[in-house]
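This report looks at how two chains meet and at how much confidence the predictor places in one of them. Please keep the sequence and the structure in view while reading.

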Amino acid sequence: MSASGALDHPDAALAAATRAPVEEPGRRERAAGVMQRGGAWIVLVLLLIIGAIVFPDFATSANFRNIAIQSSFLALAAIGMTFVIVGAGIDLSVGSMLALGGVLGAYGSQWGSAGALGLPIVACAALGLVNGMLVGRFRMAPFIVTLASLLGVRGIVLAISDEGDNTFTVEDAVFFSSLGKDTLLGIGYPVYIAIFAFAAAAVVLNRTRFGQSVFAVGGNEDSARLMGVPVTRVTVTLYVISATLAGLAGALLTARSGSGVPKIGEGFELLAIAAVVIGGTLLSGGAGTLGGTLAGVLLLGVIQNFINQIPNLNASYQSLVSGLFLVVVVVVQTYLSREQRL
Amino acid sequence: MAEAVMAPPQSARAARLGWIQDRGVYVAFVALILFNLAFTENFAAVSNLRLQLVQVAPIVIVSLGMALVIATEGIDLSVGSVMAVAAALIPLYLGYGPWVAVGVALAAGLTMGAINGALVSVVGVQPIVATLGLLVAGRGFALVMADGQLKTIRNPTLLSLGSDSFIGIPYTVLCAAGAALVVGFVVRRTVFGRRVVAIGGSRQASVLAGLPVRRTLMTVYITAGVLAAFAGIIATARLQASDPSSVGQLLELSAITAVVVGGTPLTGGRVRVIGTVVGALLMQLIRATLIAHDLPDSSARVIEAAIIVAAVYIQRQRGSA
């Protein structure tokens, strides 16, 4: 943690005084700390200003609504990914979970809105439980476990949809469809759901015992266990949260488009990880903020919007720019966190 | 290599476990071949064997680079995109002759590997994040270069690389076998190979021991990049077209799977070259077996996932043993 508050906080000042040679944090280190924590927001504001100047159609409320609704699905998955990464794990299966949520949402709509929402959430939570048990209980590497479920869950999606040939459409689920399509004050429901999820997740991560346990497990699993943190249960819960949110995102996507497409979500896990990393959360675990993740999601959304604003540029440029952007961000972050530590 | 010395009390069980961990992939491979010989029609036909080997050749080549990276406790997610960049560059430079095109493609792989290596070893970015950036950017770059289009290749030299054989063995398979031999030799018999394993075992200890850690990591990622570009060239030659949107798609996952199933732990410090090759062959054979017995793609994926989990589960106690 940074010592930027050492001068005005009595406890921190005491702690600083007990350290052998007292070193006040210099301006450089403090600036580095601010940049690392708030960097994504600063870049986001800069991009918004640039966009407003360069593109005539950028700073309109219609366009902002557009960015918000397109980002809301990634936002849900990125919340779950933040939890998992703070707990020193990784979840590569969210793209497949998104597809499963989408297909099951459409499939479940034959039993009304309850089926359309309930089926994907229950199924994805159950598969998340499998991921979590393999990682937490059987102590297997999260990367390889979720890599396997990336494959396996996509297989399940294909099995449900006749090898991907059958695209289910949403039928007689009025409430479910309205969740995806309707708007309140001109803003789509998925945006509200994503905002609510962020608020709830921030409370859980920062203000509850479970949230503190996640930080403890991510920081040092052995120490956490010695402190009496139920490491296994916490780890399992992380993967259930991630899978459930990804499934919910898929279901909402289906509610919006009216059909469950089996092919969606390929590479989605990478976008979610990128958003978390851009937001300043380190993959080594034990640290991270949901605010940063939100900024990361919005940054990716704004980049996509920029590319869309420029005629002649297609999705290939979008991945080129997003990828290079990710590289630049992590390089800057790595240097900044080094600056802080020195 | 880590020759596990087991404590006497539980030696019988531990020894059995160790034996399975060391040779499980070979046992599974042989068992699957016997199963196919017995139950799959035309399995032993030369044409079928050749087809399987040709299909697996690019995966083997990429997996060899991946094995080196994983041995250093790293991971390279960008290999599929490197293949795509190599494939996209070939038709652009074929006008200067096939060898120039191949050279440019390999140079692109070298450059991308060097970027990965610099990010990991000099800047100190975590390997997953560093190579994730190039996974996303590389595919975009390839599509931008190729204008998102598939381009047919008519150059006879390249086509012959993809479809001709030498004494009945396709060139692509010979390339993969050659790469495996070279990597196997490097890992077992050179100082560089020992350094790779040492860095994976403990990077800090390697630094303290005075090993050239940065240089070695750079070399490892560059090797992975060049091998991936080579695989991209082979895949393009075999496809007789440059298709940057699909070439190497998700191949990083197949390569990681081959390495892990082959007995190289993701935690580094250990590398098994023959295991990696057999791991790639095993996964190919599993898929071929499932297809030959008319199982749909969906079940094939679920079964593959289960096999990956089982393989890792068996190896999981290696770290504590």
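Between chain B and chain A of this predicted model, the count of salt bridges is zero. On the side of chain B that touches chain A, at least two residues are supplied by each of helix 4 (98-123), helix 5 (127-146), helix 11 (251-261) and helix 13 (297-315) of chain B. Helix 5 of chain B gives the largest share of that side, eleven residues. Sorted by class, the side of chain B that touches chain A is made up as follows.

| Class | Residues on the side of chain B that touches chain A |
|---|---|
| Nonpolar | 26 residues |
| Polar | six residues |

The contact as a whole draws 35 residues from chain B and 40 residues from chain A. Together the two chains, B and A, bury about 3200 Å², and 81% of this area lies on carbon and sulfur atoms.

How confident is the predictor in chain A, by its mean pLDDT? The mean for chain A is 81, with 87% of its residues reaching 70 or more. Among the elements of chain A, the highest mean pLDDT, 91, belongs to helix 11 (residues 231-257) of chain A, whereas the lowest, 44, belongs to helix 1 (residues 10-18) of chain A. Over residues 1-22 of chain A the pLDDT stays under 50, and for this stretch the model has twelve contacts beyond four places in sequence.

Definitions and conventions. Residues numbered from 1 in each chain as written. Chains lettered and ligands numbered in written order. Predicted model: local features only at pLDDT ≥ 70, side-chain atom pairs only at ≥ 80, totals over all residues. Heavy atoms only, no water. Contact = heavy atoms within 4.5 Å. Buried area = accessible area lost by both parts, 1.4 Å probe. Salt bridge = Lys/Arg side-chain N within 4 Å of Asp/Glu carboxyl O. Helix = DSSP H or I, 4+ residues; strand = E, 2+ residues; numbered from the N terminus. Nonpolar A, V, L, I, M, F, W, Y, C, P; charged D, E, K, R; others polar. pLDDT = per-residue confidence, 0-100.
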